[in-house]
Amino acid sequence: MATGLRVAPTILLIILSCWTSIGGSTYVKYKDPKQPLGVRIKDLLGRMSLAEKIGQMTQIERSVASADVMNKYFIGSVLSGGGSVPSQRASAETWLGMVNDFQKGSLSTRLAIPMIYGIDAVHGHNNVYGATIFPHNVGLGATRDPELAKRIGEATALEVRATGIPYVFAPCIAVCRDPRWGRCYESYSEDPKVVQMMTQIIPGLQGQIPANSRKGVPYVAGKTHVAACAKHYVGDGGTHEGINENNTLISRNGLLSIHMPAYLNAISEGVATVMVSYSSWNGIKMHANRDLVTGYLKNTLRFKASDIQPFLQSLITSIIHGFVISDWQGIDRITTPPGSNYPYSVRTGITAGIDMIMVPFNYTGFIDDLTNFVKSGVIPMSRIDDAVSRILRVKFTMGLFESPLADSSMVDQLGNPAHRELAREAVRKSLVLLKNGKYGEKPLLPLSKYAKKILIAGTHADNLGYQCGGWTITWQGLSGNDNTKGTTILDAIKVTVGKTTEVVYSEQPDAGYVSNGGFDYAIVVIGEPPYAETFGDSMNLTIAEPGPDTIRNVCGHVKCVVVVVSGRPVVIEPYVSTIDSLVAAWLPGTEGQGVADVLFGDYGFTGKLPRTWFKSVDQLPMNVGDRHYDPLFPFGFGLTTRPIKA
């Protein structure tokens, strides 16, 4: 008996040693999911060196990332820029392998803090070949359907997770006040109320925040959802003359009543991150604006102006606990020219309250400069700890510490047929019927499926790249039908009409051909070529040639419906009188069948203009509620049709 008692403590020590040693590491609180979130964050933060903390604040582009880089510099995040892919037409499995390779580098560090991979999934998983491409935000704004936006968020999250990625730089909740802005299609509407409504995409992306959850705390519901990012904070849609990254000239009350409301919705819905805008407000760069980033976004978020909606007043003192991220080389643009005084940009951006810097290439320069500022006392450690605590909170909330490596269980979600059906529904609901029949004549729409011979014309009728617009496969978008999978409007028409209907396609027919062709009617599909950001800024907003010629040649000689594929209203007034029916299709994405569904009456037109359609660019900026409001088609306009019963 006595001998047994002497042996027992030894055995107990061995058991305890085994229990506290898993993979060579002792039990620590931050690795225990049963511990409260605050305890885990505090425990991990207390173990981190300055280098490990600054690494967490650093986001780099995949093209300069590797497992070794992740390990050596403790990098906290990696991203894909627009069009940055592991290989052309990369499969979901290829994406998974790349992301996991970077992650393994992070997990091999002393504290094994997982990195978070981010990507622009702004209308579906738009960088990835074969993904479902949904209508751009301007089209979704035309639907006025927040529940649809939520379902699109859910589908997008699944497709992004299919490639092993847990974080998206979406949604853009800008309020575009001038269609000359090259990012206007990324905005749901000129009306902040519509933009607020469509923030329901956030609980779609992240999962529905539980009813008893505290407001303003980031929430991501497991491995089938992703962290979202409300962008671009704040006022990016109100720049002077719509010039991208320019100056928003507006009073504080104007900024808060027009451009801020959707951020309160986003934060209330548990958005995990907020991205800062390139633009300025009354001459102060947003990336340098400590008053609005730290003072307002992080600490105050309260409205005192009497004209603010009661709903917003009810969110008083809501505090964001997610992290604030810069835009691509955003701090570089604090100086003119960009990057001309990078140490100053680092100090100013971090002091303003930005937590994670999208570097994306010169990460050693960023790390060195920030390290020097902290060691010299220019930037206090409390600012670093605030940033890192926020980043860790999001990572813990997402479950990255428990499941850092992605698996292949969801690869079949990429381009899922159910998601394509959802995108087709979104296209149907986004179409806005602006005109239907010339004066005194019978409406042309819905079109007969059983006409003898019809003409399809225009540059955008058979061009999937044009249909999708910018931010599709590449940053600026592409022309042609081989860049991803989808259905063009022409192909959709061919499968919708009756078997005996002859469909003739001529991209740019001359007037004589149209006159002598014996066509019952024509469908002309024209619009803008793809573009993104500054490349889309336009002072004239004209339809790209040969669009106007095609309208004249076709609509002057046969009954015609003109479908405008564009990211915004364009100059159409000179041609309206010659057009029988006019449809705004925005940028519908890969599912062109949704256009044919409505043109031929399987579904009715229900979309409403998300923004004012001007007569002339000389009127701009012009938004609903302005004193001298004289539009061609007003905000909210949209004719309706009824489905034809089969």
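Predicted model: local features only at pLDDT ≥ 70, side-chain atom pairs only at ≥ 80, totals over all residues.
**Cysteines and their links**

A search of the whole structure finds two disulfides, and when the bonded cysteines are numbered in sequence order, the pairing reads 1-2, 3-4. Cys172 takes no part in a disulfide, since the nearest cysteine sulfur, which belongs to Cys176, is 9.3 Å away, whereas a disulfide needs two sulfur atoms within 2.5 Å. The table sets out the two bonded pairs.

| Pair | Distance between sulfur atoms | Torsion about the S-S bond | Hand |
|---|---|---|---|
| Cys176 and Cys184 | 2.2 Å | about -105° | left-handed |
| Cys555 and Cys560 | 2.0 Å | 110° | right-handed |

For the pair Cys176 and Cys184, the torsion of about -105° about the S-S bond is the reason that this disulfide is called left-handed, and both of these cysteines are buried. The link of Cys555 and Cys560, with 110° about its S-S bond, is right-handed. A residue is called buried when its relative accessible area is under 20%, so Cys555, at 4%, counts as buried, and Cys560, with a relative accessible area of 0%, is buried as well.

What keeps Cys229 from forming a bond with the closest cysteine sulfur? The sulfur of Cys229 is 10.0 Å from that closest sulfur, which is in Cys172, and this is too far for a bond. Cys229 counts as buried because its relative accessibility is 0%, and Cys172 counts as buried because its relative accessibility is 3%.

**An open sheet**

Five strands make up an open sheet, in which the order is β4-β3-β2-β1-β11 and the pairing is parallel. The edges of this sheet are formed by β4 (167-168) and β11 (357-358), each of which pairs on one side only. Which strand does β1 (residues 58-61) join over two bridges? Strand β1 pairs with β11 in the parallel sense, and within this part of the sheet Thr58 stands opposite Ile357 of β11.

**A covered helix**

Is helix α11 (residues 261-268) mostly covered or mostly exposed? The helix is mostly covered, for eight of its eight residues are buried. These buried residues are Pro261, Ala262, Tyr263, Leu264, Asn265, Ala266, Ile267 and Ser268. As background, an α-helix has 3.6 residues a turn, so residues three or four places apart point the same way. Just after α11 in the chain comes Gly270, which takes a positive phi of about 85°.

**An annotated domain**

An unreviewed UniProt entry lists residues 431-640 under the name "domain: Glycoside hydrolase family 3 C-terminal".

**The largest pocket**

Rolling a probe the size of a water molecule over the atoms shows where empty space is left. The largest pocket holds about 330 Å³ of space, and 21 residues line this pocket. Among them, Tyr278, Trp328, Trp471, Trp475 and Glu533 lie nearest the centre of the pocket.

Conventions: Residues numbered from 1 in each chain as written. Heavy atoms only, no water. Buried < 20%, exposed > 50% of the residue type's maximum accessible area, 1.4 Å probe, protein only. Helix = DSSP H or I, 4+ residues; strand = E, 2+ residues; numbered from the N terminus. UniProt positions renumbered as here; feature names shortened; annotations may be inferred. 1 Å grid on protein atoms, 1.4 Å probe; cavity = no way out; pocket = protein on both sides within 12 Å on 5 of 7 lines; lining within 4 Å. Points joined across faces, edges and corners; volume = space filled by probe spheres on them. Pairing = 2+ DSSP bridges.
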